[in-house]
Amino acid sequence: MAGGGGHDRQFVVPAMRGGRLIRRTYALLIAFAITIVIFHEFTSQFGIRHDGSRMPGFALHGEDVVWALPAIAMGAAIGAGLVVASGSRTGVSVIERLNLPGLGRDSRARSIGLVWGAIAVLAVHFTGAAFDVVPGGPAVVAVALGSALGFGTYRLHRHAMEHEAYRTFNLVAMLLATGSLASMSITPTGEWWTRNFSTLGTSDDIAAACFNVAVILSGAGMAGMSASLTRALLAPRFGVRRGGLITMRALIVVIGVSLMGVGLMPIDGPTDLHNAAALSAAAAFAVLCVGVQAWARSLPRELVAASYASIGLEVTAMVLYDVVGVFNLTVFEVVAFALVFAWLIALVAITHANPDDPDAAGRRHLAPTRQAPHPGASHDAAAGRTRPATRSGGTPTRRPPARSARRSGALRDVQRALRRAGDGADEPPGPG
């Protein structure tokens, strides 16, 4: 047993170190994307052309470099906060020795919620014209989406932050969101949302690079995490069917590789291959959700309901886009992206909840077992109940255990022998 535990630790420790490296890498990339957004906002709000007009887009002048330093500082601070908020219990305990504030569960979860809420608000800010038809305009939409996403991710992170797969995949999803956000802020494509989401990757500049690189790395992270995202399903309580776990992991890999294809082949290049990659991701996700009860017999009801609800939303969005014409392609693509990442996060958060206690599993082997009753025992005795003997008056009498009777008899013999020895008697004690 000791050898087996050491053998497991040989793989667990490198995996944990690899998870920390991945989280730090993704946090660094997220910080870079956020720095671009902040720098754009500073220069667009405070940057002035020599002719006195506001700077359009991402055009820069020498005097605007002054805004690079605060943008880098704010981006670095947010990246460091994400590293702490996504760190393991061991990593956070090391930082706690510095007596820094904001390392508790609530503070870490709150920071994640604030980042996601800000992402939603800025996304509406950069596509404000798309929400002019909504009552209240972009401001109402920004407040509603930001509040809902911020509070929801706060609650989720507070609940699931102990699970390494969740903490890592949360950053994978956040990289796609912030990379897209950076592209939205500086893209020269105009009202790109009137065409499709992939238009962000067609400008052949830094804006396109932000979008395409974020999609590629998010897809790679998803494919690479297919095993860790589904590892909790190995627990016997889920009743995984033969080949079910392999199928789920294969479908997740297909989704991730398809997303990589979307970024590697922009829509203004090999359009057919780009569309095929996007369609493959949608189809693999549909199969994953529709067959959720075919992969395991006892998956949590919440996950099964989320799977069927995801399929319903995806089909509804497709009908409203392709048949009714209420939505455009951008809305459908955003819905599809969001559903994939939301479902995978739900998979980790739900299946990792209340995991089996390995110590309890070991204690089960030490639990005392009840001995079988004697063949001649009564039915009550077989059921674990013994009927006490009674006197003629009906009062129950207690029969002392045999061991106690032997002890009391031996004690009486010793006392009788001591008395006779004191009287000079030499005959042996008689039976009690």
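**A buried threonine**

I began with Thr127, which is buried at a relative accessible area of 7%. My scale for this: buried means under 20% relative accessible area, exposed over 50%, and partly exposed in between, with a 1.4 Å probe and protein chains only. Thr127 sits in the loop between H4 and H5. Helices here are DSSP runs of H or I with at least four residues, strands are E runs of at least two, and both are numbered from the N terminus. What does Thr127 touch, leaving aside its neighbours within four places in sequence? I found Trp192 and Trp193 in contact with Thr127, where contact means heavy atoms within 4.5 Å.

**Ground rules**

I noted that this is a predicted model, where local features need pLDDT of at least 70 and side-chain atom pairs count only at pLDDT 80 or more, while totals for chains, interfaces and linings use all residues. Residues are numbered from 1 along each chain as its sequence is written, and side-chain values use heavy atoms, with hydrogens and water left out.

**The whole chain**

I then stepped back to the protein chain, which has 16 helices and two strands. Of its 432 residues, 38% count as buried. I looked up the contacts with a separation of 6 or more: 65% of them are between residues 24 or more positions apart. The accessible surface of the chain comes to about 24300 Å², and 63% of that belongs to carbon and sulfur atoms. Those areas come from the Shrake-Rupley method with a 1.4 Å probe, and for residues only the protein chains shown count as cover.

**Salt bridges**

How many salt bridges does the structure hold? I found two salt bridges, a term for a side-chain nitrogen of Lys or Arg within 4 Å of a carboxyl oxygen of Asp or Glu.

One of them joins Glu164 to Arg23, with the closest N and O atoms 3.5 Å apart. This pair links distant parts of the chain, as Glu164 is in helix H6 and Arg23 is in helix H1 (residues 2–46), 141 residues apart.

Asp106 is in helix H4 (residues 105–126) and Arg158 in helix H5 (residues 137–160), so the pair ties together parts 52 residues apart in sequence. Asp106 is partly exposed at 31%, and Arg158 is partly exposed at 37%.

**Ala173 in H6**

Back in helix H6 (residues 164–186), I picked out Ala173. Is Ala173 buried or exposed? Its relative accessible area is 8%, so I put Ala173 down as buried. Leaving aside neighbours within four places in sequence, Ala173 is in contact with Trp116, Phe341 and Ile345. I also looked at Ala342: its C-alpha is 8.8 Å from that of Ala173, though the two are 169 residues apart along the chain.

**Into H7**

Asp204 lies in the loop between H6 and H7. Its phi is positive, about 55°, although Asp204 is not a glycine. Asp204 counts as exposed, at 69% relative accessibility. At the start of H7, I saw that a side-chain oxygen of Asp205 comes within 3.1 Å of the backbone nitrogen of Ala207.

**H12 and its valines**

Which residues of H12 are buried? My list is Leu303, Val304, Ser307, Ser310, Ile311, Glu314 and Ala317. The buried residues of H12 pack against helix H10 (271–290), helix H11 (292–295) and helix H13 (329–351).

Val324 is also in helix H12 (residues 301–324), but Val324 is exposed, with a relative accessible area of 53%. Val315, Val319, Val323, Val324 and Val326 form a nonpolar surface patch, with about 440 Å² of accessible area together. Patches take residues with over 30% relative accessible area and no salt bridge, joining like charges within 9 Å and nonpolar side chains (Val, Leu, Ile, Met, Phe, Trp, Tyr) within 5 Å.

Technical notes:
Polar contact = N/O pair within 3.5 Å; in protein donor to acceptor, adjacent residues only side chain to side chain.
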